[in-house]
Amino acid sequence: MQDILFECPPWPPLTLERGKVRDAYLLPEGERLIVTTDRLSAFDAHIGAIPCKGQVLNQLSVWWFDQLGPQIPHHFLSTPDPNAMRVRACTPLAVEFVMRGYLTGVTPTSIWTAYERGERSFCGHTLPDGLKCFDALPTALLTPSTKAPRGGSDQSVSGAELIASGVIDAATFERASELAHATFALGQRIAESRGLILVDTKYEFGIDAAGELRLIDEVHTPDSSRFWRKADYAASQAEGRAPESFDKEYVRRCLKALGYQGQGSAPPLSAAVVAELSGRYVDIYETLTGLPFVPSARSQERIAALLERITATLEA
Ligand SMILES: Nc1ncnc2c1ncn2[C@@H]1O[C@H](COP(=O)(O)OP(=O)(O)OP(=O)(O)O)[C@@H](O)[C@H]1O
Ligand SMILES: [Mg+2]
């Protein structure tokens, strides 16, 4: 039986907050312990669990935070376990900062979905006529989306609309937008040097106790980003097929093929699809970082032992 980290245990006196993929414990002094589980979500719904996924997402984000350097303030402090990171607690902005380099996507908020419907204005950007699915956009675009409450669907919106509706103030939007563009440019450059295209991604920002805006959550993982292989991209465009993708687009396409697009509960994924997905997570980790992926066993016991160590230090 393969190791799966599905849910982290409640661990009083620490407060536990469960996200779709991450379980976070609130620590004293403005810190959080974020544990990335193997849970898989797509179309904003819970799909199942994928072996090694949590460890890949955690270690890949840690690797990216390390690459970002001092010009991008972020929340990462340390990684006490292959599935966990200690971060600065921040108040998340109510906006997802989506950066897009290509015309693609199959969800209702995707740029291709809108373009295919004939829309030539997307989140305040004017799009030229004559583009095909998977074409590069003339420049990388910030296409923010609102964070829908649980059960709802995110909406793509322009910065101007977000500011006008009071979701975010203009100065914070400007600063987050500058950081999103800089992080995406750096991510594209590094991905390119590894033979990959960073197609698009979703960033979250938060404000720390000192009022500083920081990149939070995860960075350039296959859950938050779309990746294509550079070598396959040109051929796929000439052949008029989808580029081979390394990311959650694969699961979205599998679910779409089963007739599922986010309504009701998702159909179960076959064992073969689960194994394929796990391999894809590991593959992207190794391709991006150039490091071998070493799976860590007994994740449940490790996390319990980590929590025990943390609470013992608090009580001391
Ligand atoms: N440094 C931080 N301080 C406070 N909250 C954070 C920090 N980093 C991440 N978060 C929050 O932790 C949660 C992580 O949850 P998770 O990624 O599992 O699910 P989600 O964000 O609800 O769903 P999805 O990622 O599919 O949109 C998010 O709500 C995110 O805003
Ligand atoms: Mg998230």
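Guide: Happy to. The sulfur of Cys254 finds its closest cysteine sulfur in Cys133, 17 Å away, which is too far for a bond. Before we go on, please keep in mind that this is a predicted model, where local features need pLDDT of at least 70 and side-chain atom pairs count only at pLDDT 80 or more, while totals for chains, interfaces and linings use all residues. As for conventions, residues are numbered from 1 along each chain as its sequence is written, chains are lettered from A and ligands numbered from 1 in the order in which they are written, and side-chain values use heavy atoms, with hydrogens and water left out.

Back to our cysteine. Cys254 counts as buried because its relative accessibility is 18%; buried means under 20% relative accessible area, exposed means over 50%, and partly exposed lies in between, using a 1.4 Å probe and protein chains only. Another cysteine, Cys123, has its closest cysteine sulfur in Cys133 too, 17 Å away and too far for a bond. Cys123 is buried as well, at 11% relative accessibility. The structure holds 0 disulfides, a disulfide being a pair of cysteine sulfur atoms within 2.5 Å.

Now for the helix. Cys254 is one of the buried residues of α6, which covers residues 249-257; Glu249, Tyr250, Val251, Arg252 and Leu255 are buried there too. Helices here are DSSP runs of H or I with at least four residues, strands are runs of E with at least two, and both are numbered from the N terminus. What do the buried residues of α6 pack against? Their partners are the strands β4 (39-42), β5 (45-49) and β16 (225-229), together with helix α7 (271-289). Contact here means heavy atoms within 4.5 Å. After α6 comes Gly259, with a positive phi near 85°.

Two of those partners are worth a visit. In strand β5 you will find Gly48. Leaving aside neighbours within four places in sequence, Gly48 is in contact with Phe6, Asp38, Arg39 and Leu40. Gly48 and Tyr203 lie 155 residues apart in sequence, and their C-alpha atoms are 23 Å apart in space.

Helix α7 carries Thr287, which is partly exposed at 22% relative accessibility. With neighbours within four places in sequence left aside, Thr287 touches Arg194, Leu196 and Phe246. The C-alpha atoms of Thr287 and Ala191 are 8.9 Å apart, although 96 residues separate the two in sequence.

Helix α8 then holds Ala304, partly exposed with a relative accessible area of 22%. Ala304 and Trp11 are 293 residues apart in sequence but 8.5 Å apart in space, C-alpha to C-alpha.

That brings us to the start of the chain. Pro12 and Pro13 are joined by a cis peptide bond with omega of about 10°, and Pro13 sits in the segment before β1 (15-18). Glu29 has a positive phi of about 55° without being a glycine, and at 76% relative accessibility it counts as exposed.

Finally, let us step back to the whole. The chain has 8 helices and 16 strands. Its radius of gyration is 19 Å, close to the 20 Å that the globule rule gives for 316 residues, so the chain is as compact as a globular protein of that length; the radius is taken over C-alpha atoms, and the rule is 2.2 Å times the number of residues to the power 0.38. Along the principal axes, the C-alpha atoms fill a box of roughly 65 × 45 × 40 Å. Of the 316 residues, 53% count as buried. Among contacts between residues at least 6 apart in sequence, 63% join residues at least 24 apart.
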